[in-house]
Amino acid sequence: MLAAFTLAVSSCTKEDKTGSTVSVTGMTLDKPALELSAGDAETLIATVAPENATNKAVKWNSDNKTVATVDQTGLVTAVAPGGAVITATTEDGGKTASCHVAVTAAPWDGTSRTEPADRDDDAKTISVASPAELAWLASACNGTDGVEAGNFEDYTITLTSDIDLNNHEWTPIGSGIKFGDPYADPYYFYTFGAIFDGNGHTVSNLKIDSEDEYIGLFGYVTGQIENLGIASGSIQASGDALYVGGICGHLTNSNSCTITACYNRADITCLSDEPYAGGICGNNQASIVACYNTGNLTGGWVAGGICGHFYGDAITACYSTGIISGGSYATGGLCAYNQGGSGPITACYWTKSTQGAVNGIGSGNTGDVQEFSGSAWSAIGTATGQSAEWGTGDGSGSGKYWKSIGSWNNGTPTYPKLWWEK
């Protein structure tokens, strides 16, 4: 019995050959960094040196438990988007090793809606950090899913992370659907009236297949949209669809309404010949400044690279390189139909060589609109009638929208870039 007891004790302690305690000299983790989606978990493995250290016990800690937690086995659980540092510390000697954890939002399921945690109605600010929070915003503007409707006029709404909509069907923010008595005067629309600051972030995998009148990430806009990119997606309009765009379907006629420093890379297909369709905005009754489109667009009544129909304040320093085709009334590399009485279209270009559009403006008034080609590009900014808006700068004001105006370079072009492009 004594021999058995001695064996059991020696199996749970480690000593050197002289029977002395072996101190810990260091520790490492199997992963210096982790990338997890909210709700996921992964176990970190700590290796204590030397291998025969007497006391290998380790304590675990997270410096940001709202983002990621860790238990005493090293199991890391992602809680919410953000960053956290997981640290393991040895009982013997206090040796440490750390793992940096980056948590992204869980893939959106297409139905979940979460009211943003960072919402201050006194300051009229909201931060949107996940697809579910963006979907809540759509519900709140549209009066759906039990959320009380409101267009958030006077609010500033800021995107704080990139959003992946995971190719689930999207309902535009500000659906434009009439409510109340549609025959009353006035009647009302569900609209979006806030300042939406994309903060340089993107929305990817946008999917819309709809017959509704107002189609885009946003539908009917009475506010401002800025610093936002549609990184990828597919929009299909049919039936009664009327205004179709990547950023928004309709930008209403108010001097305060603008789309600035935005881009669209989603492809747009109109299956009927009714829609006013544009890469950025279907129907622009206000201002679009320093935006670009690389998505392909086909069909509709009018089809334009930046906007389908323009009857507003201005289109300034914008470009489109997508393939634009198929407008039953008019097709334009930049604007399909520039209606009489509109403001100026200045310092804009399109690439005829990559698309079916014959002209930069398909029908209506002309403007300072250039096809990117060798014959015209050497004179950009200097030719008679061209706008000073071709100037380069930091975007701080008129004439400072471009980072560079590019070069035709004998058919191997360097395209002009806007001040905010990377």
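**Overall build.** I began with the secondary structure and found three helices and 45 strands in the chain. Helices here are DSSP runs of H or I with at least four residues, strands are runs of E with at least two, and both are numbered from the N terminus. A reminder to myself: this is a predicted model, where local features need pLDDT of at least 70, side-chain atom pairs count only at pLDDT 80 or more, and totals for chains, interfaces and linings use all residues. Residues are numbered from 1 along each chain as its sequence is written, and side-chain values use heavy atoms, with hydrogens and water left out.

Of the 422 residues in the chain, 47% are buried (under 20% relative accessible area, with exposed over 50% and partly exposed in between; 1.4 Å probe, protein chains only). The accessible surface, by the Shrake-Rupley method with a 1.4 Å probe, comes to about 18700 Å², and carbon and sulfur atoms hold 49% of that. I then took contacts (heavy atoms within 4.5 Å): among those between residues at least 6 apart in sequence, 69% join residues at least 24 apart.

**Cysteines.** How many disulfides are there? Taking a pair of cysteine sulfur atoms within 2.5 Å as the rule, I count zero. The sulfur of cysteine 248 has its closest cysteine sulfur in cysteine 281, but at 3.6 Å that is too far for a bond. Cysteine 262 is in no disulfide either, as the nearest cysteine sulfur, in cysteine 291, lies 4.9 Å away. Cysteine 248 counts as buried because its relative accessibility is 0%, and cysteine 262 is buried because its value is also 0%.

**Pockets.** For these I used a 1 Å grid over the protein atoms alone; a pocket is an open set of points where a 1.4 Å probe fits, with protein on both sides within 12 Å along at least five of seven lines, and lining residues have an atom within 4 Å of a point. The largest pocket holds about 310 Å³ of space. It has 14 lining residues, and Gly200, Tyr263, Trp420, Glu421 and Lys422 are the closest to its centre. Its lining has six nonpolar, five polar and three charged residues.

The second largest pocket has about 260 Å³. Among its 17 lining residues, Thr104, Ala105, Asp162, Ile163 and Asp164 are the closest to the centre. Which elements give two or more residues to this lining? They are β9 (96-104), β13 (163-164) and β17 (202-204).

Definitions and conventions: Points joined across faces, edges and corners; volume = space filled by probe spheres on them. Nonpolar A, V, L, I, M, F, W, Y, C, P; charged D, E, K, R; others polar.
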